[in-house]
Amino acid sequence: MKSGYVSLVGRPNVGKSTLMNALIGQKIAITSNRPQTTRNRIETVYTDERGQIIFVDTPGIHKAKNKLGQYMDTVAESAFGDCDVICWLVEPVTYIGAGEERIAQLLKTANKAGRPVILIINKTDTLKNKEDITKCMAAYREKADFTEIVCVSAAEGTNLDELLDTIFRHLPEGPMYYDEETVTQIPLRTISEELIREQTLRLIKDEIPHGIAVVINKFSERRGGLYDIEADIICERDSHKGIIIGKGGAMIKEIGTAARAEIEDQLGARVNLKLFVKVRKNWRDNETFMRSYGYTIK
């Protein structure tokens, strides 16, 4: 029986959350076409007859501009040492930027420790010339030592079985950490917060997303299975609050409708969702606010 922790690392927006959701066959981590969507360490569990993989999705490694960014980088970098296998996700390009160089340096420590490193070239469906994959492999081989290289398309579900086979080959022998039915240990309350944030990211304008947080203040179940959920959408400016609410409350209603559908799908029950918008200026640089919004600052 094989079992162990597998960290998914990489730059923002390379598809780590999309890949993890596709591998476990269930949406746990939120996704967005905007970078830096994932802010915390997210664990999910994949189990089959070969054993068990605990996937660890991490924030994209980037140049931090505030305390929230510093927190995200700390969470991401901790994943390089706290796992059995590292999967580095990249896009199918040959240009190696400063962010990738930084990750390559972090991987050298893993190489020295003998930890398997799998390079995953994602988004292969975007390639017009499939020969470009060979050039991409060559460019990354110059930056780090890889146990294996696997090409996938998380969005289309291409080559995921080969990726799972590859990961299992390099996991140690060990007991299962969770029962076969477990997909994640993340509380439903936290998943619901993230789903509200996802729909807010999807629907509002580009200048707002990085300043958005969501906090659930009420999460209760009535007899008959109806959930009452009340949540605050936190933003940094009064102008942002107006955009989130929208003319006549149209935008906040649209966010609520979309988020409620996602939460109901997760809970398998009806949801009465109420959303409020609050302004907390510069909360991303305020450790007190960050702690209250669920970010563990040490």
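Trainee: Is Asp238 buried or exposed?
Mentor: This is a predicted model, in which local features need pLDDT of at least 70, side-chain atom pairs count only at pLDDT 80 or more, and totals for chains, interfaces and linings use all residues. Residues are numbered from 1 along each chain as its sequence is written, and side-chain values use heavy atoms, leaving out hydrogens and water. Buried means under 20% relative accessible area, exposed over 50%, and partly exposed in between (1.4 Å probe, protein chains only). Asp238 has a relative accessible area of 53%, so Asp238 is exposed.

Trainee: Which residue forms a salt bridge with Asp238?
Mentor: A salt bridge requires a side-chain nitrogen of Lys or Arg within 4 Å of a carboxyl oxygen of Asp or Glu. Here the closest N and O atoms of Asp238 and Lys281 are 3.7 Å apart. The pair links distant parts of the chain, 43 residues apart, with Asp238 in helix α7 and its partner in the loop between β9 and α9; helices (H or I, at least four residues) and strands (E, at least two) are DSSP runs numbered from the N terminus. The partner is Lys281.

Trainee: Arg284 forms a salt bridge with which residue?
Mentor: The closest N and O atoms of this pair are 2.8 Å apart, and the partner of Arg284 is Glu236. The two are 48 residues apart, Arg284 in the loop between β9 and α9 and Glu236 in the loop between β8 and α7. Both residues are buried. The partner of Arg284 is therefore, by the salt-bridge cut-off, Glu236.

Trainee: What is the strand order of the open sheet of three strands?
Mentor: Two strands pair if DSSP finds at least two bridges between them. β7 and β8 pair in the antiparallel sense over eight bridges. The pairing in the sheet is mixed, and the order is β7-β8-β9.

Trainee: Which helix packs on the sheet, touching β7, β8 and β9?
Mentor: Contact means heavy atoms within 4.5 Å. The direction of the helix over residues 188-203 makes about 135° with that of β7, where axes are lines fitted to C-alpha atoms, for helices over the stretch in contact, and angles run from 0 to 180 degrees between N-to-C directions. This helix is α6.

Trainee: How far from buried Glu193 is the nearest side chain of opposite charge?
Mentor: Lys and Arg count as positive and Asp and Glu as negative, while His and the chain ends are not counted. Glu193 lies in helix α6 and touches Val214, Val215 and Ile216, not counting residues up to four places away in sequence. Glu193 has no salt bridge, and Arg189 lies at a distance of 4.8 Å.
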